[in-house]
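Subject: Structure for you to look over

Hi,

Here is the structure I promised to pass on. Could you open it and read my notes alongside?

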Amino acid sequence: MSQPSTLEQIRQLKARNEFSENRRFHKRFTEIDLLLAAVKNHNIKESAAILKYIPSATVACLEGFCRSTLKELIDKGKPYTNRVEDLEIKLQLKLRFSVLLEVQNRSLTMGELIAHVLPCSRLEDINTAFSIVLDAPFLSSLKTYSRHSIFDKRAYAYQYFQAHYSEIYTDIQRLFELRHILSHEIAHDLCLDETEVLRCYQNARIFLDHAQDYIWNVLEPDRPETVPAILEKKRREKDDMDKQVLALLSDMRSAFSPDEHCQENYDNTYDIAVQAWLGYREAIARHKASKTPSGNWGSYAYLQSTIDSSKQMIKSMNEQRTFY
């Protein structure tokens, strides 16, 4: 069977919602925790085989988080898109024109394309990519990063990371090494040290939690910490986007002057088009929410999707304004 093209691979990843893993890796970790608990509580005989699963699953979370986060950063536009050329030069990326055309046609985003082709199979790869996109030494920044938090647990997490960062980085490198062995070799005689594997797994969780908090703080330094406050901020952002969209739509409507005999038909058609877009935006938001764990995070996904659609509409309308 032939290897799927880059474009087809990205389409398959989008269908599996892979580019949203930066907020969903916690769910995968919960599944791993349940598996480990079952092994411990029920004395499963295949525990050695299950132990070999942990490095592969953990590295999948690391790679999924990195690709989806890089995708989100690049799709936010400047200043992150200004650094894409440095990524291309540093990592020697090669992109086919057929794939670039899909970006132009908007069937995939620049962030999805770049995140897919970026190497993320080593800690050094992750450091290089994020250091370029964030314009700061990524791993070095994580060492010293902390912020004021209303939660004692978060403050302790910062202290723990700063005290153990060397061990954490070493364990992540070990996870990548084990994943490579287990994925590309039969490894029947490989005897894993349970203590080492579980320590590497826990340190990977600590690393991802710390990295996620660091990047969110870069994007939103004033981001609230409680879920109700986060949702309320997103609702205000959505309301602001709605006002901007409606104002631009009104400007575009008044910019055209159809013949007086066609005015009524023009107004009706325009109203229908606006309602169709609002319906489309709602459908997309509900679909995104359905792919996210229910409850508050489902509401967050709904609001964020609505905001993203509005931003795309604003960008499109601003581009069209140059022609009238």
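L62 sits in helix α3; helices here are DSSP runs of H or I with at least four residues, strands are E runs of at least two, and both are numbered from the N terminus. This is a predicted model, in which local features need pLDDT of at least 70, side-chain atom pairs count only at pLDDT 80 or more, and totals for chains, interfaces and linings use all residues. Residues are numbered from 1 along each chain as its sequence is written, and side-chain values use heavy atoms, with hydrogens and water left out.

Back to L62: is it buried or exposed? L62 is buried, because its relative accessible area is 0% (buried means under 20%, exposed over 50%, partly exposed in between, with a 1.4 Å probe and protein chains only). Beyond the neighbours within four places in sequence, L62 is in contact with I172, F176, F207 and L208, where contact means heavy atoms within 4.5 Å. Its C-alpha atom is separated by 8.9 Å from that of R205, which is 143 residues away along the chain.

The pairing of α3 with α10 deserves a look. The axes of α3 (residues 47-75) and α10 (residues 194-219) come within 10 Å and cross at roughly 10°, so α3 is roughly parallel to α10. For the terms: axes are lines fitted to C-alpha atoms, for helices over the stretch in contact, with angles from 0 to 180 degrees between N-to-C directions; under 35 degrees counts as roughly parallel, over 145 as roughly antiparallel, 65 to 115 as roughly perpendicular and the rest as oblique. On the α3 side the meeting residues include L51, L62 and F65, and on the α10 side they include Y201, F207 and L208. The residues of this contact divide into 15 nonpolar, 3 polar and 2 charged (Ala, Val, Leu, Ile, Met, Phe, Trp, Tyr, Cys and Pro count as nonpolar, Asp, Glu, Lys and Arg as charged, and the others, Gly among them, as polar).

Now the cores. A nonpolar core is a set of buried Ala, Val, Leu, Ile, Met, Phe, Trp, Tyr and Cys residues joined through side-chain atoms within 4.5 Å. The largest one has 51 residues, and F130, F138, L142 and F207 have the most contacts inside it. Its largest share, 11 residues, comes from α3. Leaving out residues up to four places away in sequence, F207 touches L62, L123, F138, L139, L142, F161, I168, Y169 and I172. There is also a second, separate core of 12 residues, which includes V274, W277, M313 and I314.

K234, in helix α11 (residues 227-255), counts as buried because its relative accessibility is 6%. Apart from residues up to four places away in sequence, K234 touches E220, Y300, L303, Q304 and I307. K143, in helix α8, counts as partly exposed because its relative accessibility is 29%.

Finally, confidence: pLDDT is the predictor's confidence in each residue, from 0 to 100. The chain averages 83, and 81% of the residues score at least 70. Where pLDDT is low, the predicted coordinates should not be read in detail.

Best wishes
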